[in-house]
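Let us take a friendly walk through one protein model, stopping at a few residues and a ligand. Keep the picture open as you read.

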Amino acid sequence: MENKPDIIIYHIGQLLTIRGATQKPKISGQMDDLGIIEDGAVAIKDGNFIHVSTTEEMRNRYEFGITKTLDASGKVALPGFIDCHTHAIFGGNRTAEFVERIKGTTYHEILKKGGGILNTVNSTRKLTSEELTILTKNHLDTMLLHGTTTVEIKSGYGLDLMNEIKILKSIQKLKKTHCMDIVPTFLGAHTIPVEYKYDPDVYVNLVCNMLPFAREYAVFCDVFCDEGAFNAQQTEKVLQTAKNLGFQLKLHSNEFKNIGGVQIAVKYDAVSVEHLDHITSQEIDTLSGSAVVCVLLPGVPLFLMNNTYAPAKEMLDNGLAIALATDFNPGTCPCLNMQIMITLASLTMSMTPSQSINAATINAAHALSMAHLIGSIEEGKQADMIILDIDDYQQLSYYFGINHVQTVIKKGKLVVDNKIPVK
Ligand code: NIG
Ligand code: FE
């Protein structure tokens with residue numbers, strides 16, 4: 001049989017296909033639909049899905065006896081999670097600052113004293129590219145065990161040409177060697193380094209001069225447009241330069257304050273605008289009708305203990321496209337588990353399990369301009385799929401804090417089997 005699948009996975013209790021949103025992200029009522037096939041089956045060949053149907057239809061199509069099969073009776077299967085916003089490459093950790101914050105010091109007070117992002121910049125600058133690669137590989141391995149099959153990684157803890165390129169080279173190395181898909185983003189405009197404390201505009205020029213070098217390694221350019229970081233004018237300067245060089249754009253905005261980032265994201269056709277914990281109704285209006293994906297990161301306000309979460313319900317009611325990610329980083333969310341974010345989306349932003357799962361898969365794929373390849377289980381797409389040890393998808397949000405991912409298939413290959421990495 002010419003089209004004999006490499007493997008058929010069948011009797012999947014609930015197969016969440018997330019189909020039908022490859023062209024445009026899901027919005028409003030579409031977020032309530034997961035494209036569920038009961039007793040579902042998928043056929044995989046050469047790393048792609050070649051057929052997706054019920055088990056009965058699959059049996060009529062292919063001869064099970066001569067094909068490798070996997071029985072997923074009573075389980076839930078869905079596309080691998082796409083963590084579309086992380087800062088997963090860094091040295092050191094900020095446990096001591098965490099304890100300081102518990103005692104009442106704020107994130108910005110710590111940054112003003114030279115800690116925060118600057119603390120991590122110090123630790124990251126001390127490491128070689130090889131050391132950084134090893135540290136990050138460990139994070140990626142843990143992400144994979146928790147069901148993440150694609151990850152975006154931002155630079156931004158180097159803040160000078162040599163260190164930013166060192167970081168981007170490490171990401172490049174991982175991109176070539178790790179089974180996960182990795183999307184590199186240049187975030188030279190993460191904060192003003194101490195050397196330029198009194199000349200922030202000089203640093204902005206320096207970032208613009210780094211861009212042609214970063215372009216060799218990074219697909220996206222991001223800017224942290226917020227209080228204590230870059231103002232609107234500085235943000236526009238970096239984005240305009242990046243756009244001229246062919247970067248796709250992302251923006252950190254409204255994590256602490258609204259200083260114009262949302263309008264800038266729309267003006268520059270950014271692929272996504274991220275955080276948005278302090279978005280106003282007027283800014284929601286500005287975004288509605290635009291193609292910008294809103295990436296929400298509920299782990300951040302939780303870890304910062306500031307209790308201000310993005311108004312997801314209002315955003316969904318106004319037709320905005322919402323994605324979810326961890327923001328994994330040592331300062332504002334040292335958690336790399338997308339399953340926790342799915343639960344947090346419900347507990348802190350009243351998103352239903354269905355809305356959260358769409359946001360963590362297909363809409364996250366759109367936030368990386370990768371929805372033609374990943375984010376749903378459909379014929380022709382890359383076979384990235386996870387199988388969970390639950391019999392109803394809503395339990396993913398409900399039983400939280402434990403790892404439900406039993407099996408991970410990446411590009412058609414079994415990479416996690418029974419919760420253990422396949423070597
Ligand atoms: O997304 N907002 C900027 N960057 C990170 C925080 C980085 C850090 O504190 O190290 C964030 O929250
Ligand atoms: Fe971030």
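V99 sits in helix 2, which covers residues 95-102; helices here are DSSP runs of H or I with at least four residues, strands are E runs of at least two, and both are numbered from the N terminus. V99 counts as partly exposed because its relative accessibility is 36%; buried means under 20% relative accessible area, exposed over 50%, and partly exposed lies in between (1.4 Å probe, protein chains only).

A word on the source: this is a predicted model, where local features need pLDDT of at least 70, side-chain atom pairs count only at pLDDT 80 or more, and totals for chains, interfaces and linings use all residues. Residues are numbered from 1 along each chain as its sequence is written, chains are lettered from A and ligands numbered from 1 in the order written, and side-chain values use heavy atoms, without hydrogens and water.

Now visit E378, in the loop between helix 15 (362-367) and strand 14 (385-388). Is E378 buried or exposed? E378 counts as buried because its relative accessibility is 18%. Its side chain makes a polar contact with the side chain of S376 at 2.6 Å (a pair of N or O atoms within 3.5 Å; within protein, one must be able to donate a hydrogen and the other to accept it, and residues adjacent in sequence count only if both atoms are side-chain atoms). A polar atom of the E378 side chain also lies 3.2 Å from the backbone nitrogen of G20.

| Residue | Distance to an oxygen atom of ligand 1 |
|---|---|
| H87 | 3.2 Å |
| Y107 | 2.4 Å |
| T332 | 2.7 Å |
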